[in-house]
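Q: I've got a new structure on my screen and I'd like to learn how to read it. Can you walk me through some of its features?

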Amino acid sequence: MSGTLPLDGMRVVELSSFVATPLGGMTLAQLGADVVRVDQVGGGPDIDRWPLAPSGRSLYWAGLNKGKRSVTADLRSPEGREVVAQLAAECGVVLTNAPARPGLGYDELKAARPDLIHIRLQGTRDGGNAVDYTVNAALGFPEITGPSGQDAPVNHVLPAWDIACGLYMAVGILAAERHRLRTGEGQSLQVALQDVALATAGNLGYLAEAQLGEPRRRLGNDLFGDFGRDFATADGRVMVAVLTGRHWRDLVDATGLGEVSAALERAFGADFRRAGDRFTHREALGGVLAPWFAARTCAQVAEALKGTSVLWSRYRGFAEVARGLRDEPLMATLDQPGVGPHLAPGSPLRLGGASPPPVPAPTLGEHTEEVLRDVLSLPPARIAALRNAGAIA
């Protein structure tokens, strides 16, 4: 990887909280953009969000703001908002999900910077409030999550729609920047959390399936449309997934159950080379395979499946994953102020075969004077006056 990252020279002002918008900004920062996060003096609603380090610092905030610069301003005061507006005009790109404030709307900022790129995250397309948890509930996913006998909805723990929205925001910024380079024109973009979830449910066929036939039902840990499920081993549990005929052949060969599989095909009039037949008869297939896994340790399963195309993994908890992080090339030691040294991820995008390493998140307001001096070229007396007036921290 060369010393120059792809987005060197791009400057972004981020006014954000929660997951999606900070993730979008961090994605750009990891690719070389100078992302200036602006917070209210004292911090926004996610400054102390759990999980917390032993010191009490938010690991959530530190994890989503790596590589950014931090400016704090009194966004309730005209002077503080004026500083932020000047910063937006100078940087030319704004990433936000913050409440609209006088002087900081797209039209007002565009008056000072006609080629401004401005992207806003919304909850719903009409501007209503929504978060990942409420959007997920509204789209039907909790109704098909969990064991097959479950009646009540089951939420998943991963904020999937926040993550997707953050990456959509980063892609939107890059698309608008390319448009500006070609035409000189800025862009106003909006992306709604609910629209991203709705689009994903549609793109993956969940919605068409419900329109044209029966809606998806709960399957527990079974894989929909093919053969996949969890198996208990002598010392743990593994997940096995079959997605192609080759995967199935290799699983049958590795387990030595070829004759049993052939007998089941004859009994059911099925062809297990076909995904639909594997799914239809998944309970019988699982029942045949379960004793093979139960008689072996995870290490023995690994040895038996080594060199095959079979997709499988042992279930692990976060504590076990954390103990093995030193073997992960994505991870590097990060000395985060207020948290201390720990292993943290860099960008999962490998540039020239290498991942950009993690850069610490700033402490709140750490770069306020630096940014006002270097980006806005404000003289020391003006910065001191703003500080004395409480417009900046």
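Predicted model: local features only at pLDDT ≥ 70, side-chain atom pairs only at ≥ 80, totals over all residues.

Q: Which residue in β9 is the bridge partner of Val-240?
A: Look across from Val-240 and you'll find Trp-312 as its bridge partner in β9.

Q: In what order do the strands of that open sheet come?
A: Read the order across the sheet, from one side to the other. Here 3 strands make an open sheet, ordered β7-β8-β9, with antiparallel pairing. The edge strands, β7 (228-232) and β9 (311-314), each pair on one side only. From one strand to the next, the twist averages 20°.

Q: And where do side chains go in a strand?
A: In a regular strand, they alternate between the two faces of the sheet.

Q: Which strands does α12 lie across?
A: Helix α12 lies across β7 and β8, and runs at about 40° to β7.

Q: At what angle do α10 and α12 pack?
A: To read a helix pair, look at the angle and at the spacing of the axes. Helix α10 (residues 258-268) packs against helix α12 (residues 282-294) at about 155°, and their axes are 11 Å apart. Angles over 145 degrees count as roughly antiparallel, so that's what α10 and α12 are to each other. The crossing of α10 past α12 is right-handed.

Q: Which residues of α10 and α12 meet?
A: On the α10 side you have Val-260, Leu-264 and Phe-268, and they meet Ala-284, Leu-285 and Val-288 of α12. Sorted by class, this contact has 6 nonpolar residues, no polar ones and no charged ones.

Q: How about a hairpin? Which residue takes a positive phi in the one made by β10 and β11?
A: Start with the two strands, then check what links them. Strand β10 (residues 331-336) pairs with strand β11 (residues 340-345) in the antiparallel sense, over 6 bridges. Leu-334 stands opposite His-342 in β11. The hairpin has 3 residues between the strands, and Gly-338 takes a positive phi near 85°.

Q: Let's zoom out. What domains does the domain assignment give?
A: A domain can be written as more than one stretch, as you'll see. The assignment for this chain gives domain 1 as 11-202 + 327-389 and domain 2 as 227-315. Their C-alpha centres lie 43 Å apart.

Methods:
Residues numbered from 1 in each chain as written. Heavy atoms only, no water. Axes fitted to C-alpha atoms, helices over the stretch in contact; angles between N-to-C directions. Helix = DSSP H or I, 4+ residues; strand = E, 2+ residues; numbered from the N terminus. Parallel < 35°, antiparallel > 145°, perpendicular 65-115°, else oblique. Left-handed = near helix turned anticlockwise from the far one by under 90°. Contact = heavy atoms within 4.5 Å. Nonpolar A, V, L, I, M, F, W, Y, C, P; charged D, E, K, R; others polar. Domains from an automatic or database assignment. Pairing = 2+ DSSP bridges.
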